[in-house]
Amino acid sequence: MAILDSITSQEAINLENQYGAHNYHPLPVVLTKGEGVYVWDVEGRRYYDFLSAYSSVNQGHCHPAIVNAMIAQAQTLTLTSRAFHNDKLGPYEEYVTNYFGFDKVLPMNTGAEAVETAVKISRKWAYEVKGIPENEAQIIVCENNFHGRTTTIISFSNDPVARANFGPFTDGFMKIPYDDTEALEATLKNNPNVAGFLVEPIQGEAGVYVPTEGYLAKAKALCEAYNVLFIADEVQTGIARTGRLLATCGNCDCIKKDCSGTPETKPDILILGKALSGGVYPVSAVLANDAIMNVITPGSHGSTFGGNPIAAAVAMAALDVVKNEQLTENADRLGKLFRSLLNDYISTSKIVKLVRGKGLLNAIVIDDHEDSDTAWNICLDLRDNGLLAKPTHGNIIRFAPPLVMTEDQLIDCVNIITNSLKNFETK
Ligand SMILES: *Cc1c(COP(=O)(O)O)cnc(C)c1O
């Protein structure tokens, strides 16, 4: 069969099972089309997308401005490699550094590559600027982190499934509890060879854990005091998702301004991916000021596709949409509404313990043991009622719709969610 334009859901699932490696366990739904907050399956059923490809599609599916930028660039010049200059990279680098308030950017493709890049930059900085003895640099990370899937990154994960039988692992990482500045301070005090502290402003994959108010500011102050780089992985939290341009903006009053963090929380190294392209193309970035980024010299790091003209055009269009459509404000407003409506429900619920999150990055915790299948079954019921979400870590369901959602749509979605939850109250 050359053209699969009339494939059924079951046929598509069977093909993936037979010919694809089984590295995911997808919800059984086969999507063929997306527009704004909606996706459609091959049988023509419409769903609200409450995952947004793990917060990649913040600007909504197939946003015309982003897709058109991609088409125009694809018809002109797609890839030069960095062996030559291209006429889109420079303008993009100026645009993205101004947008987020850093001197320089290093363009990559996936989130994991950007994390790897940040690890390399901070180590090089530690040896060449801070003066740590060769091969002694340590990076502090947090328990239950998620930073991607490369061999080095899983070396500092504590997810047993992500690590099992992938060793030997990379050295040079120290793990401390999340949301624990005392542990951070103790570790910094006892270890002179720390290069950086790598942290998610909200732990997304772990189950949308929002740290205590003031945690990031305190962590940044400690990093400054010990001459350690404060490295924020905002691959999932960044770009308006949490109701701020960046989650490191926290509760600062920046929402109507162009802010990328008050000095108290601004990362030394900022890692972006996912929504940087609005979900149309893999685009990631590492941003830092010259004092840090200048350790990178020709030949020391690279990527064939990093900084390609399509990525540059797409990212500019995607970031334009965030500003033009005020997605930060929308995520902030709708997020508050979402949590308040769900809390009304939860106050009478036996099955849902709580809702937590910021902006439109939220999760509910199902009152059941970690490895029960209740959350999965709720997601199947949500699917049958026209809304797609996925459990993350057993009994937690993440809710992260595109940020272009309207208030009426959000209320519709809350009704779908609470109606599905009601089906499980008595079970
Ligand atoms: C998704 C994610 C990554 C990895 O991004 P990929 O594009 O899948 O490599 C890294 N960090 C965080 C916080 C993420 O959510």
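## Helix α14 and its buried face

Helix α14 buries Q409, L410, C413, V414, I416, I417, T418, S420, L421 and F424, where buried means under 20% relative accessible area (1.4 Å probe, protein chains only). Helices here are DSSP runs of H or I with at least four residues, strands are E runs of at least two, and both are numbered from the N terminus. An α-helix has 3.6 residues a turn, so residues three or four places apart point the same way.

## What you're looking at

This is a predicted model, with local features needing pLDDT of at least 70 and side-chain atom pairs counting only at pLDDT 80 or more, while totals for chains, interfaces and linings use all residues. Residues are numbered from 1 along each chain as its sequence is written, and side-chain values use heavy atoms, with hydrogens and water left out.

## The mixed sheet

Four strands make an open sheet of mixed pairing, ordered β1-β2-β3-β13; two strands pair if DSSP finds at least two bridges between them. At the edges sit β1 (31-35) and β13 (387-388), each pairing on one side only. Helix α14 packs on this sheet, touching β2, β3 and β13, and its direction makes about 100 degrees with that of β3. Contact means heavy atoms within 4.5 Å; axes are lines fitted to C-alpha atoms, for helices over the stretch in contact, and angles run from 0 to 180 degrees between N-to-C directions.

Strands β2 (residues 38-41) and β3 (residues 46-49) run antiparallel and are joined by three bridges. V39 has Y47 in β3 as its bridge partner.

## The antiparallel sheet

Another open sheet has four strands in the order β11-β12-β15-β14, with antiparallel pairing. Its edges are β11 (352-358) and β14 (390-391); each has a single partner strand, so one side of each is left without a neighbour in the sheet. Helix α12 (residues 327-346) lies across β11, β12 and β15, at about 170 degrees to β11.

## The main core

The largest nonpolar core has 74 residues, and F50, Y92, F100, L387 and F399 have the most contacts inside it. Such a core is a set of buried Ala, Val, Leu, Ile, Met, Phe, Trp, Tyr and Cys residues joined through side-chain atoms within 4.5 Å. Helix α11 (residues 309-324) gives the most to this core, with eleven residues.

Definitions and conventions: Buried means under 20% relative accessible area, exposed over 50%, partly exposed in between (1.4 Å probe, protein chains only).
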